[in-house]
Amino acid sequence: MKSRNKKLLAIGLSVVGLAIAASLVLNAFKKNLVFFFSPTQVAAGEAPKDRAFRIGGLVESGSLKRSEDGMLASFVVTDTAKSITVQYSIREYGPLPDLFKEGKGVVAEGKMGDGGAFLATQVLAKHDENYMPPEAAHALEQAQKAQQTVVTQ
Amino acid sequence: MKRWLPLIIFVALAGFFYVGLHLNPREVPSPFIGKPAPAFTLPVVGQAGVTFAPEQNKGKVWLFNVWAPWCVACRQEHDALMQLSQAGVPIYGLNWKDKDREAAALLAREGSPYVVTADDLDGRVGIDYGVTGTPETFVIDKQGIIRMKHIGPIDADAWQNKFLPLLKELNK
Amino acid sequence: MIPELGQLALILALLLALAQGILPILGAHRGNATLMAVARPAAQGQFVFVAIAFGCLAYAFLTNDFSVENVARNSFSQLPKIYRFTATWGSHEGSILLWTLVLAFWTMAVTVFSHHLPDDMSARVIGVMGLVSSGFLAFILLTSDPFTRLNPIPADGNDMNPLLQDPGMVFHPPMLYMGYVGFSVAFAFAIAALLSGRFDAAWARWSRPWTTVAWVFLTIGITAGSWWAYNELGWGGWWFWDPTENASFIPWLAGTALIHSLAVTEKRGAFKGWTVLLAIIAFSMSLLGTFLVRSGVLSSVHAFATDPTRGIFILGFLGVVIGGSLVLYAIRVPKMESGGSFTWFSRESLLLANNVVLVAALGSVLLGTLYPLFMDAMGMGKISVGPPYFNSVFVPLIAPAMFLAGVGPLARWKQASLPEMAKRLRIAMAVSVASALLLPLTVGGFNWMASVGIGLAMWIVFTVLIGFAERLKHEQGSKLAALMRLPRGFWGMQLGHFGLAWVVAGIALVSAYETERNVKMNVGDTVHLSGYAFTFMGVEMRDGPNYRAARGTLEVSTGGKPAFVLHPEKRIYNASGMPMTEAAINYGFTRDVYAALGEELGPNEWTVRVFFKPFVGWLWLAGAMLTLGGILAAFDRRYLIALRKTGADTSPAKGAAVQGAKA
């Protein structure tokens, strides 16, 4: 092969390589982006049916219940407008985070189950007592906008 | 052109950061704004047998300040609150989750800016008001409606630009 | 009194940093030796004052001076002394002060070890570092004063975030900062070269050991951070693709690419523009890391500073530093003539491929880290990019780099022969393919991920061995003595690559074969996992120095014999009331056994989480190996000789002489 051909080959190979890398990245990206929905949006049917997403808001006081063996937790996440029941298998996915508390902000990742409950595979609570997870705060904000309350600010 | 490419990419990124910075994750607009202040009756710190309920304040515009003895940021606004109370602004406190019962001693030691401070030992009233941290201050109007919520210590800027205009309007 | 002294020291340090940043660069431009001579004393004075300021803050923490807001917010009288000291940099303000101290320290080191450079070069390098330092000092004084006083004085502090109360946190941030900030030296060399318009091989040789040392610190910092997450977070994970982790990993990838491209620039004079750009990128990514973690743009487990004014200052600072550098780069780059030519299959081309792969991997991590922010900024909703993205993109992207790490060191500069290479490598190839197919079966059944990981690891190990063997083939006499005579730079590269193989093997094995169980346990209950039996003996309350803990006892036996006892804890910290899971781990060379308490369901009834983690310890041992390799490479004889020849080797013409490929 002439050196010019070799150079063309090298360029060709690197273009192919880059194309493969780019398609890999974009494909993985599309598959793994996790969108966030507030309980109000979920109630309005905006959330995807067959794909994982995140919800966030406050854990309603008094809503945390456990199954008999303690390995299945269920609680209600609310953005003060709409609520959604979350089920979380401690057996499969591990204990609830240390800072998970009723009345505090929380974010859960998972899918909608057939029974209308949200089946979480991951529950996140922010590791700082004073602040909410930003996504939970966002949900409250959206709910407030939707309610169109008078805001003097 | 090629040599300017890194710069162009950087400028684009910086632009997004600039926009991103203005999205403040801490400003949580309270869904309670425009709603009646949740009712409660709680004992008053340092005065045995006395209780406080928001209904008692119907007909006046008042500040409801959530604080705690363990909260450092609350110390920051202590001076400001003292000045405000001397200027005649009625401030009512909510002593939030004070497990060590230190509030009375602290107020005696350093002066109290509050007309009274309600004692929310288990934090239940705080939850009713959607408190996410201390300090937080609510402005409640003559009809008992929450008109504003301020997160974090009250500084001169917040007082001038947020509180004062609102209080003027409400007191008209 | 002491805090005010600290503040005064900061102001004086800023003035000195400005003098250090402006005068020498002006002097170098005009050829004024007096102005250039300002560089060293100003930099050394600046270091002294920043150190005084840091000392004052540390003193305030150690003496529980709660009149200082920073102390009151981040410390607590019951906090053990060592954590009161580390709390100095636990806060936003303290960590930026630490950053500045580390920068002053690196500058100090440059002033001491730069006497062999031409005067205008060292003046420019020290000057650029002075400008960077001025930015940080101004940032501290204007937006993040660590010495603000409180009135009235609180009786006690708010305590340090319990997550940060871990021995790992003692070393993690200083090491990470030594690495981050260390890239400022390579950056300063690159800018100095752009300013002077001289891009010779000497420039690459000067900045290369500095870059390697910074890379070593960053490697230690990342390893310590991963160790901390594994021990402290109680989830059994060692890498979460958390934005704060990515913030240190992105500069590491850039630094790794830079080390490799500097090798080409030093040995062959090629890739000059690319190397300069990488030096700018590596330091920019360090600054970006600080920006991400310290401004609250992204919130995560340990990003706790939230104040937009700071963010705007940092952004402006980034704009000046990075934007300015890139403008300078764009103006000057046409002046660089590309050195030594090479063919499509040569060590240069393989290193170029390595750089392309590393930068692509860097880009994928950067994209995943910034994309959620981008979407948010555009008002397109909140999204998150979780570990599945990074695993499915980063792993296949970086795999070719592992393959290249085997071939590259064996290829000749300028022109290598592919058929000859294939012949030299066929045994290594056969062995690694065989182990990829067979070794997983001996561990726990075939798993394609473990297989690919082991195959690549064995590939690197065998090519490293071939590298040694070929070096020794023609040596006469004792092979051992010959081995010891090999240059430290060669040893460093080999150990570094070996460490890489070890990391890859560890990651592949632990990811493929780890097991986990979550169960409810009463006293006397036993749970079995991967050959271990855990018997729950109950929980008792214990008092720590600044927390109360429920301390569980799990007796672990294997093969019917008692092996060891684990004591996982659930702690409540006194000051913040924050609960924390403290995992218990039994460490081993081939496996860790890990237990954590979940929640209390009833009297002496808990949910318990147990993990069996094969080969997880390899990750950190391999980190130590990478570190050792870096240290050896940075202290190669040729750099030390250059240091000793003070003044003798300062003419640019001589410095430009390209060294032979063997050096």
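**Exercise 1.** At what angle do the axes of helix H9 and helix H10 of chain C cross, and within what distance do they come?

*Solution.* The model under study is a predicted one. Two packed helices are described by the angle between their axes and the distance between the axes. Helix H9 of chain C spans residues 201–232, and helix H10 of chain C spans residues 243–268. Their axes come within 9 Å and cross at roughly 150°. Angles over 145 degrees count as roughly antiparallel, and therefore H9(C) is roughly antiparallel to H10(C). The handedness of the crossing is left-handed. Sorted by class, the residues of this contact are 12 nonpolar, 10 polar and 4 charged.

**Exercise 2.** Describe the packing of helix H3 against helix H7 in chain C.

*Solution.* Helix H3 covers residues 39–62 and helix H7 covers residues 119–143. The two pack at an angle of about 35°, and their axes are 10 Å apart. H3(C) and H7(C) form a left-handed crossing. On the H3(C) side, the contact involves Ala39(C), Arg40(C), Ala42(C), Ala43(C) and Gln46(C). These residues meet Ser122(C), Ala123(C), Ile126(C), Gly127(C), Gly130(C) and Ser133(C) in H7(C). By class, the contact has 5 nonpolar, 5 polar and 1 charged residues.

**Exercise 3.** State the domain division of chain C, and give the order of elements in chain A.

*Solution.* Chain C is divided into domain 1 (1–165), domain 2 (410–513 + 618–624) and domain 3 (515–614). The C-alpha centres of domain 1 and domain 2 of chain C are 43 Å apart. Turning to chain A, there are 4 helices and 7 strands. From the N terminus, the order in chain A is α-β-α-β-β-β-β-α-β-β-α. Of the 153 residues in chain A, 41% are buried. Among contacts in chain A between residues at least 6 apart in sequence, 55% join residues at least 24 apart.

Notes
Residues are numbered from 1 along each chain as its sequence is written. Chains are lettered from A and ligands numbered from 1 in the order in which they are written. This is a predicted model: local features need pLDDT of at least 70, side-chain atom pairs count only at pLDDT 80 or more; totals for chains, interfaces and linings use all residues. A residue is buried if 20 or more other C-beta atoms lie within 10 Å of its own, exposed if 12 or fewer, and partly exposed in between; C-beta atoms are placed from the backbone. Two residues are in contact if their C-beta atoms, placed from the backbone, lie within 7 Å. Domain bounds come from an automatic or database domain assignment. Axes are lines fitted to C-alpha atoms, for helices over the stretch in contact, and angles run from 0 to 180 degrees between N-to-C directions. Angles under 35 degrees count as roughly parallel, over 145 as roughly antiparallel, 65 to 115 as roughly perpendicular and the rest as oblique. A crossing is left-handed if the near helix is turned anticlockwise from the far one by less than a right angle, and right-handed if clockwise. Ala, Val, Leu, Ile, Met, Phe, Trp, Tyr, Cys and Pro count as nonpolar, Asp, Glu, Lys and Arg as charged, and the others, Gly among them, as polar.
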